[in-house]
Amino acid sequence: MSDTDPAAGSHDHGHEHGHDHGHGYDHEHAHGSGRGLLPRLRHLLRPHSHETADQVGAAMESSREGMRTLWLSLGVLGVTALIQAAVTVASGSIALLGDTLHNAADALTAVPLGVAFVIGRRPPTRRYTYGYGRAEDLAGIAIVLTIAASSALAAYEAISRLLHPRHVSDLIAVAVAALIGFTGNELAAAYRIRTGRKIGSAALVADGLHARTDGLTSLAVLLSAGGVALGWEWADPVVGLLITIAILAVLRQAAREIYRRLMDAVDPAIVDQAEQTLRAVPGVLDVGQVRIRWIGHQLRAECEVVVDAASSAIRAHQVTVGAEHALLHTIPRLSAALVHADPEPADGASYHAVLAPHQPQPAPPA
């Protein structure tokens, strides 16, 4: 929305317009006024809207897609755990028992993320004016903590088996169950990561990485079974320690992603793209500060542009609306943009001098 608009609420634009947001944006083309008959027909057949209802609908569709991914992957992991449990009962494998319990418990990490998706659908309120998208980041913290607990459990079991070796019977059945565990976890991981990146959900990506660590744990059971079959009793705990190191690497990646979301970090390339888009808007003479942050799996932007000092309020408003419109068509996952127009300073004059005492001062050099 543009801050020069007296009815700002009427310009809360959605970003799902029926256009492909991955390409560069041409302001003329956005309204079907591009040259040629084909672009005009394409625009008529693929109309777009900037209404608030469409924005909420797009966000809800992203949440629904996330929920579908969670339920389907949870079903895959549930079937995997049941198969492993049956083999555990038949073989008496303690290693496979631990892996089965691990997979079953970790599959339930879908619960907090599912709750977050449901909460994220709620509209903004007077208290939560940006909505409830941050619930996904809170769920991401729970997922990271679960990965950390998994790594600690894996390390404990590996060291315990190293100090107290245990015999494993029915190695073929154990190996098959381990392969099933790896396959189920990898399918769930790939699905969650792909959907999470598609809808911009860091928590869902972290949950996919978590499932991938569970697959590595299952492979540890397979490798240890092979080592035991060759008479290497120490193979089980040694492989378990190696897998623990791999889990810690995944933990670092997931924790870094969630930390960056909580700290409002974005890819600098997105900021560069926003600045280039703003400079290309007719009437924009220069670009000031650009702020972009994630709220759940949607982006919001706050931007400053410089316009002609002789522009009327109506003309300045038109420029900011055009800038917002350009951003919505260019930046993927952008749900709203607040564009502030500053008049071009004359003779070095500053129109924000009254605000200078309220601005944070840079820290003195050490």
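This is a predicted model: local features need pLDDT of at least 70, side-chain atom pairs count only at pLDDT 80 or more; totals for chains, interfaces and linings use all residues.

Biologist: Where is threonine 277 found, and why is threonine 277 called buried?

Modeller: Threonine 277 belongs to helix α9, residues 268–279. Its relative accessible area is 10%, and buried means under 20%, so threonine 277 counts as buried.

Biologist: What makes glycine 200 buried, and which residues does glycine 200 touch?

Modeller: Glycine 200 sits in the loop between α6 (171–199) and α7 (202–229). Its relative accessible area is 7%, which is to be set against the limit of under 20%, and therefore glycine 200 is classed as buried. Not counting residues up to four places away in sequence, glycine 200 touches Arg261, Trp294, Gly296 and His297. For glycine 200 and histidine 297, the C-alpha to C-alpha distance is 4.4 Å, while 97 residues separate them in sequence.

Biologist: How do you know that strands β1 and β2 pair, and in which sense do they do so?

Modeller: Between β1 (residues 286–295) and β2 (residues 298–307) there are 8 bridges, in the antiparallel sense; pairing asks for at least two bridges, so these strands qualify as paired. Isoleucine 295 stands opposite glutamine 298 in β2. The hairpin of β1 and β2 has 2 residues between the strands, and glycine 296 there takes a positive phi near 70 degrees.

Biologist: What joins β2 to β3?

Modeller: These two strands run parallel and are joined by 9 bridges, and across this pair cysteine 303 stands opposite valine 339 in β3. The chain crosses from β2 through α10 to β3 in a β-α-β crossover that is right-handed.

Biologist: What makes the pairing of the sheet mixed, and in what order do the strands lie?

Modeller: The open sheet consists of 3 strands in the order β1-β2-β3, with mixed pairing: β1 with β2 is antiparallel, whereas β2 with β3 is parallel. Because β1 and β3 (334–343) each have a single partner strand, they stand at the edges, and one side of each is left without a neighbour in the sheet. With direction ignored, neighbouring strands are turned by 15 degrees against each other on average.

Biologist: Which helices lie on these strands, and why is β3 called mostly covered?

Modeller: Helix α9 lies across β1 and β2, running at about 135 degrees to β1. Helix α10 (residues 313–330) packs on the sheet, where it touches β2 and β3, and its direction makes about 150 degrees with that of β3. As for β3, 7 of its 10 residues are buried, each being under 20% relative accessible area, and on that count β3 is described as mostly covered.

Biologist: How many residues line the second largest pocket, and which lie nearest its centre?

Modeller: There are 14 lining residues, of which Glu257, Val266, Asp267, Ile270 and Trp294 lie nearest the centre of the second largest pocket. Its space comes to about 280 Å³, and α8 (235–262) and α9 each supply at least two residues of its lining.

Note on methods: Residues are numbered from 1 along each chain as its sequence is written. Side-chain values use heavy atoms; hydrogens and water are left out. Helices (H or I, at least four residues) and strands (E, at least two) are DSSP runs, numbered from the N terminus. Buried means under 20% relative accessible area, exposed over 50%, partly exposed in between (1.4 Å probe, protein chains only). Contact means heavy atoms within 4.5 Å. Axes are lines fitted to C-alpha atoms, for helices over the stretch in contact, and angles run from 0 to 180 degrees between N-to-C directions. A crossover is right-handed if, with the strands pointing away from the viewer, the path from the first strand over the helix to the second runs clockwise. On a 1 Å grid over the protein atoms alone, a cavity is a set of points where a 1.4 Å probe fits but cannot get out, and a pocket is an open set with protein on both sides within 12 Å along at least five of seven lines; lining residues have an atom within 4 Å of a point. Grid points are joined across faces, edges and corners, and a volume is the space filled by probe spheres set on the points.
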